[in-house]
Amino acid sequence: MAIDKKRHEDCYMSEKCEKYDVCPMALVQKLLSGKRKILILRYLSNKVLRFNDIKKRLPDVTQKMLTQQLRSLEEDKLIFRHVYPVVPPKVEYGLTELGKKVIPILEMMHEFGAEYLELSLKEHDKESDIE
C-alpha cells in the first residue's frame with residue numbers, strides 16, 4: 001500500500017485516486033490515445049457506422065491501423081461491433097453506454113480547441129497590426 005501512496009503523492013487529486021492501482025487520468029489517456037481513437041469516437045457519437053464509413057472519414061489511416069484502433073476501443077468496451085450473418089460481410093460499429101460517457105469529454109475538447117484557435121487568430125491579428 002505504501003507503494004500506491006508514493007505513486008499518488010504528487011497528484012493534486014491524490015485523496016480521490018490513491019484508492020486505485022492506476023491513476024484515473026492515466027487510464028483515460030491510455031483509453032483515448034492512439035491513431036485517431038478520439039475521432040473514431042466522435043464519428044460514432046452521432047450514429048452507428050460501418051467500417052467503410054469510418055474509413056472514408058479517415059482517409060490517411062490504413063485499413064490495418066483502423067482495424068487495430070477499433071479492436072482496442074472494443075476491448076476497452078467503449079464501442080461495440082455487430083457482425084451480420086450475410087454475404088458479403090456487414091459489420092457495424094457504435095458506442096456502448098460506457099462509450100457514450102466519453103462524449104461530453106470530447107465536446108469539451110472541441111470547445112477548448114475552438115477557443116485556442118480563436119486566441120491564436122487574435123494573436124496573429126495583433127502581430128499583423130503591429131507590422
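**Close-up 1. The lining of the largest pocket holds seven nonpolar residues, one polar residue and no charged residue.** The model shown here and in the other views is predicted. The lining residues are M25, V28, Q29, L32, I38, I105, M108 and M109. Two elements, helix 3 (24–32) and helix 8 (103–130), each give two or more residues to this lining. Helix 3 supplies the largest share, four residues. The volume of the largest pocket is about 230 Å³. Rolling a probe the size of a water molecule over the atoms shows where empty space is left.

**Close-up 2. Helix 3 crosses helix 4 (residues 37–44) at roughly 80 degrees.** The two axes come within 8 Å. Angles from 65 to 115 degrees count as roughly perpendicular, and helix 3 and helix 4 are therefore roughly perpendicular to each other. On the helix 3 side, the contact is made by K30, L31 and L32. On the helix 4 side, K37, I38 and L41 meet them. By class, this contact has four nonpolar residues, two charged residues and no polar residue. L32 of helix 3 and I38 of helix 4 take part in the contact; L32 and I38 are also listed in the lining of the largest pocket.

**Close-up 3. Helix 4 packs against helix 6 (residues 63–75) at an angle of about 70 degrees.** Their axes lie 10 Å apart. That angle makes helix 4 roughly perpendicular to helix 6. Helix 4 contributes K37, I40 and L41. Helix 6 contributes L66, Q69, L70, S72 and L73. The classes here are five nonpolar, two polar and one charged. K37 and L41 of helix 4 meet helix 6 in this view; K37 and L41 also meet helix 3. Two packed helices are described by the angle between their axes and the distance between the axes.

**Close-up 4. T96 sits in the loop between strand 3 (90–95) and helix 7 (97–100).** A polar atom of the T96 side chain lies 3.0 Å from the backbone nitrogen of G99. Leaving aside residues up to four places away in sequence, T96 touches K77, L78, I79 and F80.

Technical notes:
Residues are numbered from 1 along each chain as its sequence is written. Side-chain values use heavy atoms; hydrogens and water are left out. A polar contact is a pair of N or O atoms within 3.5 Å; within protein, one must be able to donate a hydrogen and the other to accept it, and residues adjacent in sequence count only if both atoms are side-chain atoms. Contact means heavy atoms within 4.5 Å. On a 1 Å grid over the protein atoms alone, a cavity is a set of points where a 1.4 Å probe fits but cannot get out, and a pocket is an open set with protein on both sides within 12 Å along at least five of seven lines; lining residues have an atom within 4 Å of a point. Grid points are joined across faces, edges and corners, and a volume is the space filled by probe spheres set on the points. Ala, Val, Leu, Ile, Met, Phe, Trp, Tyr, Cys and Pro count as nonpolar, Asp, Glu, Lys and Arg as charged, and the others, Gly among them, as polar. Axes are lines fitted to C-alpha atoms, for helices over the stretch in contact, and angles run from 0 to 180 degrees between N-to-C directions. Angles under 35 degrees count as roughly parallel, over 145 as roughly antiparallel, 65 to 115 as roughly perpendicular and the rest as oblique.
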